Number of protein chains: 2
Amino acid sequence: MKSREVRLVSRPQGMPREEDFEVAEVDVAEPADGEVLIRNELMSVDPYMRGRMSDAKSYSAPFELGEPMHGGAVGRVIASRREELEEGDWVFSQLGWREVARSDGEGVRKIDADAAPPSTALGVLGMPGLTAYVGLLDIGELQEGDTVFVSGAAGAVGSVAGQIAKLKRCRVIGSAGSAEKVAWIEELGFDKAFDYHETSPREALRGEKLDVYFDNVGGDHLEAALGAAKTHARFVECGMISRYNATEPEPAPRNMQLIVTKQLRIQGFLVFEHFHRSRDFFRDMSGWVREAKVRYRETYVDGIENAPRAFIGLMEGDNIGKMLVRLNAS
Amino acid sequence: MKSREVRLVSRPQGMPREEDFEVAEVDVAEPADGEVLIRNELMSVDPYMRGRMSDAKSYSAPFELGEPMHGGAVGRVIASRREELEEGDWVFSQLGWREVARSDGEGVRKIDADAAPPSTALGVLGMPGLTAYVGLLDIGELQEGDTVFVSGAAGAVGSVAGQIAKLKRCRVIGSAGSAEKVAWIEELGFDKAFDYHETSPREALRGEKLDVYFDNVGGDHLEAALGAAKTHARFVECGMISRYNATEPEPAPRNMQLIVTKQLRIQGFLVFEHFHRSRDFFRDMSGWVREAKVRYRETYVDGIENAPRAFIGLMEGDNIGKMLVRLNAS
């Protein structure tokens with residue numbers, strides 16, 4: 001069977017370019033005993049993938065040059081020689097960046113397409129949603145009534161984090177990169193929202209007293225949050241997208257000494273050390289989504305040949321909510 | 001009775017200058033009922049005082065211009081109309097920066113000059129010692145066998161922090177600002193010590209894997225520690241002396257994204273929220289000092305007229321161990 005897959009062919013310097021990737025046609029063999037064939041319907045592009053495109057030592061192995069990349073995807077079983085999977089089943093796997101995947105079942109999980117659209121397994125009910133949940137509740141130790149600042153608040157993680165904070169009766173401030181994004185997070189109930197291309201985070205946070213900062217951006221956002229933090233504020237360091245494609249060091253934050261004088265706690269985390277919270281998360285979040293207490297948006301790019309472009313678009317902020325690539329849009 | 005006191009007369013811009021202070025002669029009245037007169041023998045200069053010389057909003061009120069400053073001091077009661085204090089008693093108070101203090105007893109605490117030299121109440125058995133103890137054990141959650149980096153390791157806090165870590169069977173690396181200081185901390189048992197004027201922290205930490213960073217310096221030291229940190233390392237943010245007199249932003253740390261990928265915890269603290277640990281601290285530390293398991297040094301400047309110079313010298317790293325001003329050296 002023919003399939004196409006995306007390979008990394010050169011390690012990006014700064015912002016990735018389409019030439020750093022190639023889309024190759026491959027033959028996929030019939031499943032052997034214990035194997036399954038999956039036709040992916042949707043694949044995820046996520047900011048963390050930028051780290052794997054570099055060969056700097058990090059928490060996970062880099063993508064190999066010339067090999068297909070991988071990441072979250074949902075699709076349907078098209079052939080199965082595994083007991084627990086049947087043709088037609090919707091499944092989640094880490095076998096993204098390809099149209100058809102052959103698997104021995106490792107990391108393949110059935111999803112209930114009747115309970116929620118399968119795409120949500122890559123977003124609000126998947127890894128980005130869990131990241132927001134664990135980050136805010138466990139790492140940030142969110143308390144009712146806190147003032148919370150979420151940067152990158154129109155993204156897949158930030159938009160959920162902000163809504164959880166609203167559910168917990170917090171005052172929530174969000175930053176985003178366009179007027180349209182700002183309008184959306186206002187619609188979600190954020191108490192204050194600003195376009196950081198128009199208003200600096202420092203200006204936008206003037207007069208605010210933050211209990212929690214949920215950081216997806218770093219840089220000037222982090223500096224502004226240090227300035228606006230209350231004594232004993234908690235900083236949830238989820239990501240620093242402003243740095244992922246930077247080729248030069250930046251002279252910020254310049255007010256690091258406030259960590260001492262305000263007795264701040266700055267805590268980095270990676271969601272994959274928190275999968276033990278998946279059950280609690282899924283129970284709470286699927287309820288909130290069903291009752292429309294947490295809402296989500298998805299931005300689609302069609303065709304695997306456009307997956308590199310979708311990833312670059314994610315880095316450039318083209319998405320509102322979760323960025324997804326539809327692999328069988330025709 | 002005549003006394004002299006040191007007043008702040010202008011708020012320093014950058015490094016304080018002697019002209020920012022004045023030494024004034026004053027008359028001290030006889031103690032009223034319930035009051036006590038103390039002749040200070042030693043006063044402390046501490047890095048935290050730099051913050052109070054500025055009028056930026058901070059955790060404590062700034063020193064008032066034209067008023068005497070205050071801070072830790074030890075002295076002897078020379079007249080008492082308080083029940084619990086007698087002439088000749090050694091006492092600790094916050095009434096430093098003056099030769100003779102009149103007090104209603106608030107914050108005045110008797111010290112046992114037979115058990116330990118009174119100067120230790122300002123250093124290893126006082127606030128700097130407690131800072132090291134709480135910072136390393138409570139904030140840093142030190143574990144036996146950890147690799148610990150202490151910056152400013154020849155100072156009153158750093159030298160104690162490093163020795164506590166050695167007592168807990170840790171590998172300890174220390175930075176200091178001169179060859180003499182490096183020689184001293186090597187003598188104290190540090191496994192590695194370097195002069196940061198000769199070797200950059202980044203170079204000195206090459207190949208090290210830190211569990212705990214006890215930060216007294218910030219800036220390039222913090223950047224280097226981020227680079228050398230293990231996953232889940234704890235950063236004890238005790239001070240950032242490199243920043244206290246800075247007038248320009250500095251371009252470090254430039255690797256803040258490592259907080260996320262290494263899941264670091266960066267925790268600022270101020271010792272005065274941890275006085276509930278004073279009893280445990282005093283029990284442990286007085287034992288360690290008695291058994292010479294923790295050693296200390298003191299650097300003296302003589303005469304209250306030289307107290308501003310002593311403070312400036314502290315900022316410039318003139319001291320080994322605790323910096324003290326002897327008020328009755330004659």
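**Close-up 1. Helix H9 of chain A in the predicted model, with its buried residues A:Phe281, A:Met285, A:Trp288 and A:Val289.** Seen down the axis of H9(A), the buried residues fall within an arc of 95°, so they line one face of the helix. Their packing partners are helix H2 (127-139) and helix H3 (156-167) of chain A. The other side of H9(A) holds the exposed residues A:Arg279, A:Arg283, A:Gly287 and A:Arg290. H9(A) covers residues 278-290. At 1.5 Å a residue, its 13 residues should span 18 Å, and the end C-alpha atoms are 17 Å apart, which agrees. Just after the helix comes A:Ala292, with a positive phi of about 60°.

**Close-up 2. Helix H10 of chain A, residues 307-316.** Which residues of this helix are buried? They are A:Ala307, A:Pro308, A:Ala310, A:Phe311 and A:Leu314. Strands and helices of chain A cover them. The strands include E1 (2-8), E2 (21-27), E3 (36-44), E14 (298-302) and E15 (322-326), and helix H1 (49-53) is also part of the cover. Just after H10(A), A:Gly317 takes a positive phi of about 85°.

**Close-up 3. Helix H10 of chain B, residues 307-315.** Buried here are B:Ala307, B:Pro308, B:Ala310, B:Phe311 and B:Leu314. Their arc around the axis is only 160°, which puts them on the same side of H10(B). They pack against strand E1 (2-8), strand E2 (21-27) and strand E3 (36-44) of chain B, among others. Helix H1 (49-53), strand E14 (298-302) and strand E15 (322-326) of chain B also take part in this packing. B:Gly317 follows H10(B), and its phi is positive, near 85°.

**Close-up 4. The contact between chain A and chain B.** Chain B gives 29 residues and chain A gives 30 residues. On the side of chain B that touches chain A, the elements giving two or more residues are strand E12 (229-237), helix H8 (258-261) and strand E13 (265-268). Which element gives the largest share of that side? It is E13(B), with 4 residues. By type, the chain B side divides into 13 nonpolar, 10 polar and 6 charged residues. Strand E13 of chain A, residues 265-268, is joined to E13(B) by 3 bridges. The two strands run antiparallel. Within this pairing, A:Arg265 stands opposite B:Gln267.

**Close-up 5. B:Ala225 in the largest nonpolar core.** The core has 206 residues. Which members touch the most other members? They are A:Tyr213, A:Ala225 and A:Val325, together with B:Tyr213, B:Ala225 and B:Val325. Not counting residues up to four places away in sequence, B:Ala225 touches B:Phe149, B:Leu205, B:Leu210, B:Tyr213, B:Asp215 and B:Phe235.

**Close-up 6. B:Gly88 in a loop of chain B.** The loop lies between strand E4 (73-80) and strand E5 (90-93). Is B:Gly88 buried or exposed? It has 10 other C-beta atoms within 10 Å. A residue with 12 or fewer counts as exposed, so B:Gly88 is exposed. Leaving aside residues up to four places away in sequence, B:Gly88 touches B:Arg76 and B:Val77. B:Gly155 is 67 residues from B:Gly88 in sequence. In space, the two are 31 Å apart, C-alpha to C-alpha.

Note on methods
Residues numbered from 1 in each chain as written. Chains lettered and ligands numbered in written order. Predicted model: local features only at pLDDT ≥ 70, side-chain atom pairs only at ≥ 80, totals over all residues. Buried ≥ 20, exposed ≤ 12 C-beta atoms within 10 Å, placed from the backbone. Contact = placed C-beta atoms within 7 Å. Core = buried A, V, L, I, M, F, W, Y, C linked by C-beta atoms within 7 Å. Nonpolar A, V, L, I, M, F, W, Y, C, P; charged D, E, K, R; others polar. Pairing = 2+ DSSP bridges. Expected span 1.5 Å × (residues − 1). Arc of directions from axis to C-beta.
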